[in-house]
Every structure is written in C-alpha cells, then in structure tokens.
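These notebook entries set down what I looked up, in the order in which I looked it up.

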Amino acid sequence: MFKQYSEQEFGGDFASEADYTDPYVQELIKKDGFMIFPPLSYSYNTINYELSKPAPSAPDSANLLGTDDQGRDVLARLLYGFRISVIFGLLLTIGTSIIGIIAGAVQGYFGGWVDLIFQRIIEIWEGLPGLYIIIIIASIIEPNFWWLLLIMLALGWMGLVGVVRAEFLRARNFEYVKAAKAMGVPEIKIILRHILPNALVATISFMPFILGGAITSLAALDFLGFGLPTSYPSLGEVLRQGKANLNAYWLGISGFVIMGVLLSLLVFISEAVRDAFDSKAGIR
C-alpha cells in the first residue's frame, strides 16, 4: 500500500513491480507469508489478462459487473468515477457559490450603477457558448481535472447571483439594516452579519441543483469526449463505452444506475442540509 516491491524480492524473475493478481506471484508470497486483498482487488486501470472471453466480458465471479472494452473492471471504474464525480461536483459548487454570493451581495447591497454594470457584464458572460469554449481549449491543451474545474468555474459562477442579489435588494431596506447604518456599523459587517444569513436559506435551496448540474455536466463532457482524459475513471466514459458496445448491456445499465443513485442521494442530503438551516422548520 505504501511501497512498491519488485517480483525479485519475492523470489521471482522480473525487476518490475510485482503483479499481485498473477498466480505465480501469489504462490511465491504464500511460501513465506500471506497476502490480504481488499474486497475489490482491481484498480480503475487494472487490466484483467485472465479473461475467459474477449473484452468486454460479461459479469462473473471475478468481475462482478463485467469488464469494459479494454478488460478493466467496471465496478472499480464506477467506484473511482463516483469519487471523482462527487469531489468535482463539490469543488465546483463551493467555488461557484462563493463567487456568486460575493457578486450578488455587492450588486444587491450597493445597487445603482454598480448593479447596472454588473448586470450587463453577467448578461454578456452568460451568452458565451460554454461547450464551444471547452472544445477550443481541449484542442489546445489536454484538459485534466483542475483545468476542467477552472474552466467550468469561470463559465458557471452566475448561478446564484440572481438569488443573492434579490435577497440583498429586499433586505437592505429593512429597518434593522437602516438602524445599523445610522449607528455607524461598517458596511462589511452589515453584509455579513445582518443580510447574508437571510440570503443563505434561498442560496442553500439552489445548491442541490448546482451540484447535480456540475456532476451531469462532467459526465456529459466525458461522454462526448471533451472532458477528463481517458486514463481517468469517469461515469461518462462508462456510458460512452455502453453506447459504443450495445451488446455489452452491463456497461450502459451500470452507468445509468450509478448516475441515478448518485444524483438521488445528493438531492436527499442537500434537502436535509437546507431544512437544517431553515429557521421556520426549527420552530415547527
């Protein structure tokens, strides 16, 4: 787990890293010790060379959800793809929420020319063709996880601006906000302490949609071939293989089921978080 051992260290012939799925290596290890495998003994890029049928092979006892067209375990790729999708979606949601809340708060609180100029910039920015921009960038550089996250963050930060702006435009005329201004409370403190908590409930209500949209956008880009490199495990890549291999039904069904389960779980969790922040729900 922490160190790579060559086959020669176990009494084998090769100086390269030991293939622990090789029966020969397993016999060498069992002579003087033992080995413990995790429940799933494949990584997302492990190729099963012991297939009894050509890849993509159907589910069996060794590969519970079968293999893809390169002989890699589908269950392992779904698990790793699940993790990447959740991490990508959370990072993109957090990043777009921070930028959107700041932009909406500035627009709604100050209003006037600040609001007018910001609105024109957002209208122009929203009109940019995001898919074409990603295709152009993908033709210049190979997009990895962080490049793709940065591009989608730059193109999708406007989701919460309208909601936060409307809450700030409404709340800045409340009596307690005017009283705080009359008492000389700094504007940054008024924004953070008096107005922002009121805007968070509506903001959190929209976060599940942003999170689900981020995950489906990543899967869609991977499905079209403009997302993560093929070396990355991806739910969209599994779905693309299902489309290319219609006879391998387990690829399309597995990708569809895991996407449905993932989005459903995220919506349920997000609704629970929203209810936890809702003061009216606490009173009831």
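What pLDDT does the protein chain average, and what percentage of the residues score at least 70? I note that this is a predicted model. The protein chain averages a pLDDT of 85, and 97% of the residues score at least 70.

I then turned to the elements of the chain. Helix α2, spanning residues 74–110, has the highest mean pLDDT, at 90. The lowest mean, 56, belongs to helix α11, which covers residues 279–283.

Entry on Q241. I located Q241 in helix α9, which runs over residues 235–244. Is Q241 buried or exposed? I recorded a relative accessible area of 5% for Q241; this is under 20%, so Q241 counts as buried.

I next looked up the surroundings of Q241. Leaving aside residues up to four places away in sequence, Q241 touches D68, D69, R72 and L251. For D69, I found the backbone nitrogen 3.0 Å from a polar atom of the Q241 side chain. The side chain of Q241 is also joined to that of E237 by a polar contact of 2.7 Å.

Entry on L265. I placed L265 in helix α10, which comprises residues 249–277. L265 has a relative accessible area of 42%. That value lies between 20% and 50%, and therefore L265 is described as partly exposed.

Which residues make the nonpolar surface patch of about 770 Å²? I listed Y249, I253, F256, V257, V261, L265, I269 and V273.

Methods
Residues numbered from 1 in each chain as written. Predicted model: local features only at pLDDT ≥ 70, side-chain atom pairs only at ≥ 80, totals over all residues. Heavy atoms only, no water. Patch = residues over 30% accessible without salt bridge, like charges linked within 9 Å, V, L, I, M, F, W, Y side chains within 5 Å. Areas by Shrake-Rupley, 256 points an atom, 1.4 Å probe, with all protein chains shown as cover. Salt bridge = Lys/Arg side-chain N within 4 Å of Asp/Glu carboxyl O. Helix = DSSP H or I, 4+ residues; strand = E, 2+ residues; numbered from the N terminus. Buried < 20%, exposed > 50% of the residue type's maximum accessible area, 1.4 Å probe, protein only. pLDDT = per-residue confidence, 0-100. Polar contact = N/O pair within 3.5 Å; in protein donor to acceptor, adjacent residues only side chain to side chain. Contact = heavy atoms within 4.5 Å.
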